Amino acid sequence: MKSGFIAIIGRPNAGKSSLTNCLTGEKISIVTPKPQTTRDAVRAILTTDRYQMIFVDTPGLLKPRTELGRYMSRETDVSSRDADALVIVIDGSRPFGKKDYELIESRLKSAVPVYVAVNKTDIAGYEKIYPILAELAPLTKEADGRRAIREIVPVSCVTGENVDVLRECLAGELKDEVMYYPEGDVTDRPVRYVAGEIIREKALLLLQDEVPHGVGIIVGAYEDKKDSVYIEADIVCERESHKRIIIGDGGSMIKRIGRAARIGIAEMTGKSVYLKLFVKVREDWRNKRNYMRDLGYGE
């Protein structure tokens, strides 16, 4: 039995969370088309009879503009340094740019083995993927001051194309001979955390573009009973105008968010879900560490 930690990093919306879920076969990380969906380093655990692989899904790499952004950047940096291997996810549906190249080149200067997953082959097609592979070719050979990419694997999280190939490549990087987590665990996060993330996911999917970056969730009450789960949670936003949008006309939007979240949490727990949502305003909370701690971002 071998084990180890694999950090999944990349720019926003490259598909890091989708790839993490696809590699493990479990929905651990929430997925939306909005940037900065992932805010914490979330561990997703895959245990087989051969190995235990812990994938660390990380926030997208952006220049931090808020205290929350700096927190997210630290989460990614720490996860990258402590990993046994890195997977850098590239969005194959977008042109491969200078920032993508520089991101990969910078990580090749560390001692951590680097793999590149060129994602979204299902929508990009190989006419877009091949030019990216050509751009990456120089990085497959060692140069002064840096290592070479171990493997470049085009993948699709929609069809599952080559995900098994990537998984087997990463299995070769596992060196530890210890089980870090009990068999059956699929994440290191408590169920109430995952429930809060599901609520945030549904809010991000349903709300307008100007609201999501300032939305956080505080799970107040979480009562796990034999056949049901009772949850009270606050949706925290930064402005009174955002609060009105989240509530909606006659409470229409908060009802939609609650309905979608109940379904998601019920699928996760296999139980009936009773969910009460409240909306609270905490002005500029993303720049105030005491508010951030209340929302679970920081110690």
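## Ground rules

Helices (H or I, at least four residues) and strands (E, at least two) are DSSP runs, numbered from the N terminus. The model is predicted, with local features needing pLDDT of at least 70 and side-chain atom pairs counting only at pLDDT 80 or more, while totals for chains, interfaces and linings use all residues. Residues are numbered from 1 along each chain as its sequence is written, and side-chain values use heavy atoms, leaving out hydrogens and water.

## Overall build

The protein chain holds 10 helices and 9 strands. Its C-alpha atoms fill a box of roughly 60 × 40 × 35 Å along the principal axes.

Of the 299 residues, 49% are buried (under 20% relative accessible area; exposed is over 50%, partly exposed in between, with a 1.4 Å probe and protein chains only). Among contacts (heavy atoms within 4.5 Å) with a separation of 6 or more, 72% join residues 24 or more positions apart.

## Two nonpolar cores

A nonpolar core is a set of buried Ala, Val, Leu, Ile, Met, Phe, Trp, Tyr and Cys residues joined through side-chain atoms within 4.5 Å. The largest has 31 residues, and those touching the most other members are Ile199, Leu207, Ile231, Ile235, Ile246, Ile257 and Leu277. Elements giving two or more residues to this core include helix H7 (191–206), strand S8 (228–237) and helix H9 (252–269). Helix H7 gives the most, with 6 residues.

Leaving aside residues up to four places away in sequence, Ile199 touches Ile217, Ala233, Ile235, Ile257, Ala261, Ile265, Leu275 and Leu277. Another core, of 22 residues, lies apart from the largest one, with Phe55, Ala85, Val153 and Leu174 among its members.

## Loops worth a look

Most residues other than glycine have a negative phi. Asn13, however, has a positive phi of about 65 degrees. This residue sits in the loop between strand S1 (2–10) and helix H1 (16–24), and Asn13 is partly exposed because its relative accessible area is 28%. Lys120 also has a positive phi, of about 70 degrees, and is found in the loop between strand S5 (114–119) and helix H4 (121–124).

Gly97 lies in the loop between strand S4 (85–91) and helix H3 (98–107). With 26% relative accessibility, Gly97 counts as partly exposed. Gly97 and Ile132 are 35 residues apart in sequence, and their C-alpha atoms are 9.2 Å apart.
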